[in-house]
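Please open the structure in your viewer and keep a selection panel at hand. The tour below goes from one selection to the next and says what is found at each stop.

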Amino acid sequence: MTYKNNHLITRDIFDKVILPVYAPAQFIPVKGKGSRVWDQDGEEYIDFAGGIAVNALGHCHPNLVKALHEQSEKLWHVSNVFTNEPALQLAKKLIDHTFADRVFFANSGAEANEAALKLARHYAIEKYSPYKTKIISFTHSFHGRTFFTVSVGGQAKYSDGFGPKPADIVHVPFNDLDAVKAIIDDHTCAVILEPVQGEGGLTCATPEFLTGVRALCDEFNALLIFDEVQCGMGRTGTLFTYEQYGVTPDILTSAKALGGGFPISAMLTTEAVSSVMHPGVHGTTYGGNPLACAVGCAAFDTINSDEVLAGIYAKRALFIAELEKINQQFDLFSQYKGKGLLLGAELNTKYQGKARDFLNTATQFKVMILNAGTSVLRFTPSLVISDQEIKEGMARFASAVKKVISAY
């Protein structure tokens with residue numbers, strides 16, 4: 001597959017026209033198919049990044065392409081003054097396969113979490129007290145880039161420098177139940193957490209921690225919010241990660257893989273919690289867009305199948321086996337983290353803080369990977385990536401590792 005670079009659109013243009021909040025690679029992808037991507041010069045890359053856990057079915061999956069094409073000739077947008085069939089179909093699928101009774105659609109994980117946090121506070125104020133507004137979150141967490149969600153997230157580097165932050169937000173160490181016990185009280189409206197911290201190094205919640213937090217929320221009439229924006233939609237081997245713990249949240253957020261690449265997010269909750277809402281309390285222009293929801297339905301049906309979900313653990317095992325071959329040769333990793341195909345390889349002491357070096361060099365060898373923090377390499381490939389592509393991509397990555405290590 002080849003492409004002709006017309007040289008009219010180059011990487012240099014980015015530095016002139018885009019707000020300088022990103023630092024993208026020097027090549028520009030122009031075409032993707034499955035787990036492979038081609039740049040302007042026709043160079044082929046193997047994609048282990050998946051748009052940061054978004055492209056759960058790879059690039060241009062035929063089921064999603066078909067759904068988008070068919071819906072594009074029917075109805076694009078009607079606003080929430082009206083409803084539409086794809087939105088109702090997707091909502092029904094989510095409700096039928098989760099704990100939820102009600103769904104709110106938005107466009108990004110941040111918007112879904114914003115809605116979740118607003119709902120939690122509104123519920124507490126309406127049901128209990130105007131002073132029941134405290135939100136407990138965790139260090140190294142990430143919940144989005146709106147001012148509310150970035151303040152709830154547990155990484156000051158993202159929230160500092162923008163003026164006064166929203167009040168009544170407390171951060172405690174993740175997986176530390178005693179720390180939660182010390183701070184939760186009758187003024188707490190919600191505890192929010194990621195079952196697997198996506199941006200925070202791929203640390204998994206322990207079963208004891210989630211069970212304990214659920215009990216504390218019940219004791220103090222606080223809502224438990226699970227942010228499954230990154231770890232949900234099959235990424236860890238079940239449709240949603242909460243299923244693996246036997247702990248049910250009151251509110252769950254989903255995005256990223258929900259649309260398989262098309263922007264869409266959802267907040268799921270129960271009938272009891274949703275009962276405090278009424279028309280006008282919250283909303284969004286594009287949420288529940290027919291195009292997004294039609295693609296979401298196709299993505300949901302494809303991901304939520306025995307064929308796809310059953311293969312995730314085997315693919316994780318193959319990734320780790322290939323990483324371990326690299327580790328035995330170069331002594332690079334200290335441990336493997338995450339769940340399913342939300343996979344992290346933590347760099348050992350010698351290479352702490354050097355994750356970006358490996359990520360950047362990997363692109364030179366035509367493989368796309370991610371980092372999660374400064375010391376964890378992150379792999380979030382398509383859930384249907386082939387074994388051959390895993391092996392081929394890892395061979396390319398091994399060459400990148402060799403080059404990085406030779407520089408030390």
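This is a predicted model: local features need pLDDT of at least 70, side-chain atom pairs count only at pLDDT 80 or more; totals for chains, interfaces and linings use all residues.

**Stop 1: the strands around arginine 36**

Select strand S1 (residues 29-33) and S2; the two run antiparallel and are joined by four bridges. Lysine 33 has arginine 36 in S2 as its bridge partner. The hairpin of S1 and S2 has two residues between the strands, and glycine 34 takes a positive phi near 65° there.

Across from arginine 36 stands isoleucine 46 in S3. S2 and S3 also form a hairpin, with four residues between them. In its turn, glycine 42 has a positive phi of about 80°.

Show the side chains of S2. In a regular strand, side chains alternate between the two faces of the sheet. Here Arg36 and Trp38 point one way, while Val37 and Asp39 point the other way. All of these are buried.

**Stop 2**

Because glutamate 392 lies in helix H15 (residues 387-406) and arginine 36 in strand S2 (residues 36-39), the pair ties together parts that are 356 residues apart in sequence. Are the two partners buried or exposed, or something in between? Glutamate 392 counts as partly exposed because its relative accessibility is 25%, whereas arginine 36, with a relative accessible area of 16%, is buried.

Next select arginine 396, whose side chain meets that of glutamate 392 in a salt bridge of 2.8 Å, N to O. Both residues lie in helix H15, four residues apart, about one turn of the helix. Arginine 396 is buried, with a relative accessible area of 16%.

**Stop 3: aspartate 185 and lysine 134**

Select aspartate 185 and lysine 134, which form a salt bridge with the closest N and O atoms 3.0 Å apart. Aspartate 185 lies in the loop between helix H8 (177-183) and S7, and lysine 134 in strand S5 (residues 134-138), so this pair ties together parts that are 51 residues apart in sequence. Aspartate 185 is partly exposed, with a relative accessible area of 25%; lysine 134 is buried, at 10%. The count of salt bridges comes to 18.

**Stop 4**

Move to cysteine 204, in the loop between strand S7 (188-193) and helix H9 (207-219). At 22% relative accessibility, cysteine 204 counts as partly exposed. Leaving out residues up to four places away in sequence, cysteine 204 touches Phe174, Asn175, Pro195, Val196, Tyr245, Gly338 and Lys339. For glycine 338, the C-alpha atom is separated from that of cysteine 204 by 5.9 Å, although the two are 134 residues apart along the chain.

Finally, display the second largest pocket, with a volume of about 900 Å³. The lining of this pocket has 29 residues, and Asn80, Arg102, Val103, Phe104 and Phe105 lie nearest the centre. Elements that give two or more residues to the lining are helix H4 (85-96), strand S4 (102-106), helix H5 (109-127), strand S10 (265-269) and helix H11 (271-274). Coloured by type, the lining residues divide into 14 nonpolar, 13 polar and two charged.

Technical notes:
Residues are numbered from 1 along each chain as its sequence is written. Side-chain values use heavy atoms; hydrogens and water are left out. Buried means under 20% relative accessible area, exposed over 50%, partly exposed in between (1.4 Å probe, protein chains only). Contact means heavy atoms within 4.5 Å. On a 1 Å grid over the protein atoms alone, a cavity is a set of points where a 1.4 Å probe fits but cannot get out, and a pocket is an open set with protein on both sides within 12 Å along at least five of seven lines; lining residues have an atom within 4 Å of a point. Grid points are joined across faces, edges and corners, and a volume is the space filled by probe spheres set on the points. Ala, Val, Leu, Ile, Met, Phe, Trp, Tyr, Cys and Pro count as nonpolar, Asp, Glu, Lys and Arg as charged, and the others, Gly among them, as polar. A salt bridge is a side-chain nitrogen of Lys or Arg within 4 Å of a carboxyl oxygen of Asp or Glu. Two strands pair if DSSP finds at least two bridges between them.
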